[in-house]
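Work through the exercises below with the sequence and model at hand. Each task is followed by its solution.

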Amino acid sequence: MIKKAEKEFIFEKDSVTAACHASTVLPLGDGKVLAAWFGGKREGDDSVGIFLSVRGTDGKWSAPELVSEDVPVPHWNPVLYEKQNGEIVLFYKYGSEIPDWTTRYVILSRSGEVISKPRELVPGDVSGGRGPVKNKCLRLPDGRLLAPASTEQNKKWIPFVDISDDDGTTWYNSGYMERPKYKGAYAGLIQPSLWRSKDGGVHCFMRSDKGAIYRSSSFDDGISWLKPYRTRLPNNNSGIDCDTDSLGRIWLIYNPVDVNWGVRYPLSLAVSTDNGKHFTEIMKLEAGRGEFSYPAVVCRNDTLYITYTHKRKQVVFWRIELEKE
């Protein structure tokens with residue numbers, strides 16, 4: 001299924017910040033690729049900001065630059081999105097404690113420069129963060145924008161989908177998904193990853209604290225969601241991401257470890273040809289020991305663009321060309 005796979009590091013170890021995590025990737029139509037992540041002394045430290053690098057058409061990455069506010073407040077989980085008018089939006093979380101997050105954003109030029117002041121996505125919101133919480137947005141054929149979201153307030157991890165019918169200018173909440181139980185306890189579910197199936201349904205996989213990936217579906221374009229259920233896919237309470245290709249195959253990146261807060265290795269790429277019912281591992285992106293986590297994947301023109309955390313010191317980029325079968 002794979003025609004060609006190339007791996008590279010976006011920057012040299014310790015050349016930018018002491019630690020980094022939670023990358024996002026966005027390929028552009030002109031052949032450039034944008035990638036962003038948070039970096040600083042350590043996760044949650046006041047020094048942490050959002051950094052961005054651009055991969056040119058020559059295959060070289062630009063020197064990472066700080067693109068968030070240079071203020072002593074932790075920044076988290078950037079997500080890149082290209083609007084229908086070609087503007088590039090960089091969403092990110094802002095705040096010292098996860099339950100108190102707000103979501104902010106800046107507009108970027110197509111070469112990665114910040115061209116707007118930081119703004120709050122939903123002014124006055126106190127829910128713990130709106131818009132995408134880790135993974136990319138999904139734009140439906142009619143233009144509706146779905147942002148995979150979740151909150152972590154009052155020790156409850158609850159997913160939802162934020163919806164925009166004006167390409168990200170205003171947002172409304174789909175409503176929190178029903179909390180399923182596993183072995184008598186509520187499952188904590190966060191950080192959905194969205195895809196649309198050929199029948200028009202919208203679906204998501206979610207990180208959980210119960211040793212497995214959970215799934216939910218919507219058949220009204222994201223307005224309402226079925227009760228999430230446990231899949232056979234293992235999850236170590238770490239981030240996942242997926243995307244679909246032109247044939248409708250789902251490409252999933254995850255740590256195949258079924259222990260809550262388990263190790264974050266290996267990191268595997270798997271594929272499903274039946275809308276997520278079964279997956280087959282295609283390759284291990286990282287087979288050794290270490291932290292390899294928080295993947296981001298975008299499929300454009302049957303090519304996978306992938307980034308993820310490499311031992312909290314670097315960000316890895318893969319470009320994988322797919323065969324059409």
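This is a predicted model: local features need pLDDT of at least 70, side-chain atom pairs count only at pLDDT 80 or more; totals for chains, interfaces and linings use all residues.

Residues are numbered from 1 along each chain as its sequence is written, and side-chain values use heavy atoms, with hydrogens and water left out.

**Exercise 1.** State the average pLDDT of the chain.

Solution. pLDDT is the predictor's confidence in each residue, from 0 to 100. The chain average is 97, and 100% of the residues score at least 70.

**Exercise 2.** Is Val-298 buried or exposed?

Solution. Start with its place: Val-298 belongs to strand β24 (residues 292-300); strands are DSSP runs (E, at least two residues), numbered from the N terminus. Next, take the cut-offs: buried means under 20% relative accessible area, exposed over 50%, partly exposed in between (1.4 Å probe, protein chains only). Val-298 has a relative accessible area of 6%, so Val-298 is buried.

**Exercise 3.** Describe the lining of the largest pocket.

Solution. A pocket is an open set of points on a 1 Å grid over the protein atoms alone, where a 1.4 Å probe fits, with protein on both sides within 12 Å along at least five of seven lines; lining residues have an atom within 4 Å of a point. The lining has 31 residues, and Leu-138, Arg-139, Asp-243, Thr-244 and Cys-299 lie nearest the centre of the pocket. Among the elements giving two or more residues to this lining are β10 (138-139), β20 (241-244) and β24.

Methods:
Helices (H or I, at least four residues) and strands (E, at least two) are DSSP runs, numbered from the N terminus.
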